[in-house]
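Subject: Structure handover

Hi,

Here is the structure for you to look over. Please open it before reading on.

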Amino acid sequence: MIELHGKQFVPAPQTDRERWSEAIEQQDKPTFTLKENDIFAIVDRLGNMVVDRTENEQLATGLFCHDTRFLSRSELQIEGRSPILLSSVAETGFSLSVAASNPPLGDRIAAYSIEILRDLVIRGGLFETIEICNYNPDPVRFSVSLSFEADFVDVFEVRGYQDRPQRGQFLQRDRLACDRLEFAYLGVDGVLMESRLRFGDRQPDEFCGSTAIWHLDLAPRETQKLSYCLQPHADNGPSSQVPIPTTLDRARDAAKREHERWSATIARYQTDRTVVNEAIAQTEDDIYLLRQSFGDRRVLVAGIPWFSALFGRDSLIAAAQTLSLDPTLARDTLLLLAEYQGKTDDEWREAQPGKILHELRFGELARCHEIPHTPYYGTVDATPLWLMLYADYYAWTGDRATIERLWPNALAAMDWIDRESAKTGYLTYFRHSPGGIDNQGWKDSGDCIVDRHGHLARGPIALCEVQGYVYAAKQRLSTIARRLRREDLGDRWQAEARDLRERFNRDFWLADEDYCALALDGNGQPVDSITSNPGHCLHLGIFTPERALKVARRIVAPDLFSGWGVRTLSSAAAAYNPMGYHLGSVWPHDNSLMAIGLRSLGLSREAYQIFEGLVAMTVKQPHHRLPELICGYERSGEKGPVRYPVACSPQAWAAGSLFHLLQAAVNPIPDAEAQCLRIVKPMLPPSLDRLVVRDLKVGGARLDLEFDRIGETTACRVTEQVGSVQVIIEV
């Protein structure tokens, strides 16, 4: 007997003697991902979670909270058979509705004569109701079952991590009421994880192990309703930050109301093109879905399903992309990442004072320090990106209180950049932790930092775009420093930015290619492959005007531009692989940053090549949702884009890309402290004749703007204004 938190447990039996077999003959492989705040579930199209015996992460299902799988099986059967799927819909993101029917049950019950309606909702836990109706002309008797299992594995294990030295102990309650099931696991670190499941409406007639069984007698047209609620717990408290409602209907209503409240606060974009409006609506839903609570902060997690976690780079870029949509995301991202800013040197976690984290995890592997994600700091770009967002947030909001509150964090971040750049003059990365990542820029796969011959570069690596981020951070922070009466820092950072720009244009330029190198290697030599990375620098000002134009025109050349977007690596490169994660694929966020840069240079035609390619790709995606990436195959005739098989969907900086592209059309330059918004040469892409932006916030003011194409120009007018802001339209 084991007593924990005032309850008695016994070791769970390790035998499958009472395990109810899966009805695998008709199981569907396509899945839905449902998410509401800090809980997500992966279910098949029947609404089942079935233990995956193939160890294929693409087929993994389950209910997850804070990097732990609290439910690994939830399978509905009728007389030991799988129901027949009729339809399944997951329009809200946090709920799923399934219509199914029965297979033939011997000579007693004909196929398609029993209606089975399942509703699943996530809100602080998992709710499910099942309504079963008899459409036979005679009474029928049959059994239905729900089989549950909870393996409490870490999300890294689901994704294939196998190097665990030991595992914890599975437990079960000594006594349990007849209306519930409970699963328990005592982790290696002593944390008690529990999945508490309570049945409602009609109680099960019997249990076989952890399978609940109901024996139903239904008259013609009679309906029976079954239901349950599962809540994950850790150390006797709810794992989710979201209070759990009492019923499925209340859970659905609460989730819906919260979504509506958020939607009422954001800026709204609408065009004259239906498919673009559908993509905008889907993107708004995706941004809402990706918002997640960390204490009293709400930020965007990187992607669903496997990256439903706080990331430095991803969360910062997505917050920057959506500043015009919802600036509170940027504020909370800055504040949350500042709370975790590095305080000490820690080689295992690659932490250093002033450094911004890469990834934060809460699962058992992290808690037991089997992985360094508590948090892990192996990223070279998150720190300058934090500084850039800090400045951009101030420009949009004029939120002096937050800027002053975070000023010490900004100084610490800049000090980290200066210390790390002291040796070579450039901000570099090199993996020090045995549990860390080799490549620590946004292209973080192990095979992507290659030269023109396909050879891997050796570190320390100085990525070109990272130097652009540092340049922009110093320029933008110099303005804030002067407003905070630190003219000394403003002058110093501007001088350092000028020096960096001069050296960068000398050291990174490839004379024979007339293009910018991907990086400098550990010997200070250019990594001379032709990539998308220099495109990130176009809006940052680090290139000379002449070289910025050369980079701009090169990224839309045929070897880089596929027709759907700019490839990560030139198709002429030795290492090019259109199916490679970073070796020729097309990433929407990568392209949106390049489009912003092209627009800043006045190259509207080139910018709209990217816009039109991404929109054409998006309308061919399910639900008109921007994917994390697609393969780099050339756009040709009626052939659609080739999907990347394990892309996250939705993914934060992919979703944010659409708002970035629309922002490129508007070309706003805010200065909230000065109560000013400049609209600089707005230009709608050829496929749009009208764009309306409502509830755009600049400081304390709110604006409605309308943009109309008139021949080769775009007119802009302010249709409503609340609050004090001067709008200057430069045509």
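Below is what was found, grouped by topic.

The model is predicted.

**The open sheet**

Four strands make up an open sheet, ordered E20-E32-E33-E34, with antiparallel pairing. Strands E20 (268-271) and E34 (713-722) sit at the edges, each pairing on one side only. From one strand to the next, the twist averages 15°. E20 pairs with strand E32 (residues 690-698) in the antiparallel sense over 4 bridges. Arg-268 is opposite Arg-694 in E32.

A salt bridge joins Arg-702 and Glu-720, with the closest N and O atoms 3.5 Å apart. Arg-702 is in strand E33 (residues 701-710) and Glu-720 is in strand E34, so the bridge ties together parts 18 residues apart in sequence. Arg-702 is partly exposed at 24% relative accessibility. Glu-720 is also partly exposed, at 38%.

**Other salt bridges**

The count comes to 57 salt bridges. Asp-512 pairs with Arg-452, and their closest N and O atoms are 2.9 Å apart. This pair links distant parts of the chain, 60 residues apart. Asp-512 lies in the loop between strand E26 (509-510) and strand E27 (515-516). Arg-452 lies in the loop between helix H8 (400-421) and strand E25 (462-463). Asp-512 is exposed, because its relative accessibility of 56% is over the 50% cut-off. Arg-452 is partly exposed, with 28%.

Arg-492 and Glu-496 form a salt bridge at 3.2 Å between the closest N and O atoms. Both residues lie in helix H10 (residues 487-507), 4 residues apart, about one turn of the helix. Arg-492 has a relative accessible area of 36% and is partly exposed. Glu-496 is partly exposed at 26%.

**A hairpin with both faces covered**

Strand E21 (residues 291-294) is covered on both faces. Arg-291 and Ser-293 are buried on one side, Gln-292 and Phe-294 on the other. In a regular strand, side chains alternate between the two faces of the sheet. E21 pairs with strand E22 (residues 297-300) in the antiparallel sense over 4 bridges. The bridge partner of Arg-291 in E22 is Leu-300. The hairpin has 2 residues between the strands, and Gly-295 takes a positive phi near 65° there.

Thr-568 is in the loop between helix H11 (545-555) and helix H12 (588-600). Thr-568 counts as buried because its relative accessibility, 0%, is under 20%. Beyond its sequence neighbours up to four places away, Thr-568 touches residues including Trp-442, Lys-443, His-582, Trp-587 and Asp-590.

Tyr-390 belongs to helix H7 (residues 382-397). Tyr-390 is buried too, at 0%. Not counting residues up to four places away, contacts of Tyr-390 include Leu-334, Trp-407, Leu-477 and Ile-480.

Ser-240 lies in the loop between strand E19 (237-238) and helix H2 (248-263). Ser-240 is buried at 7% relative accessibility. Ser-240 and Asn-37 are 203 residues apart along the chain, yet their C-alpha atoms are separated by 8.4 Å. Leaving aside neighbours within four places, Ser-240 is in contact with Asp-38, Ile-39, Cys-65 and Gly-124.

**A nonpolar surface patch**

Met-579, Tyr-633 and Val-642 form a nonpolar patch on the surface, with about 260 Å² of accessible area together. Val-642 lies in the loop between helix H13 (604-618) and helix H14 (652-666). Val-642 is partly exposed, at 36%.

Best regards

Technical notes. Residues numbered from 1 in each chain as written. Predicted model: local features only at pLDDT ≥ 70, side-chain atom pairs only at ≥ 80, totals over all residues. Heavy atoms only, no water. Patch = residues over 30% accessible without salt bridge, like charges linked within 9 Å, V, L, I, M, F, W, Y side chains within 5 Å. Areas by Shrake-Rupley, 256 points an atom, 1.4 Å probe, with all protein chains shown as cover. Salt bridge = Lys/Arg side-chain N within 4 Å of Asp/Glu carboxyl O. Buried < 20%, exposed > 50% of the residue type's maximum accessible area, 1.4 Å probe, protein only. Pairing = 2+ DSSP bridges. Axes fitted to C-alpha atoms, helices over the stretch in contact; angles between N-to-C directions. Contact = heavy atoms within 4.5 Å.
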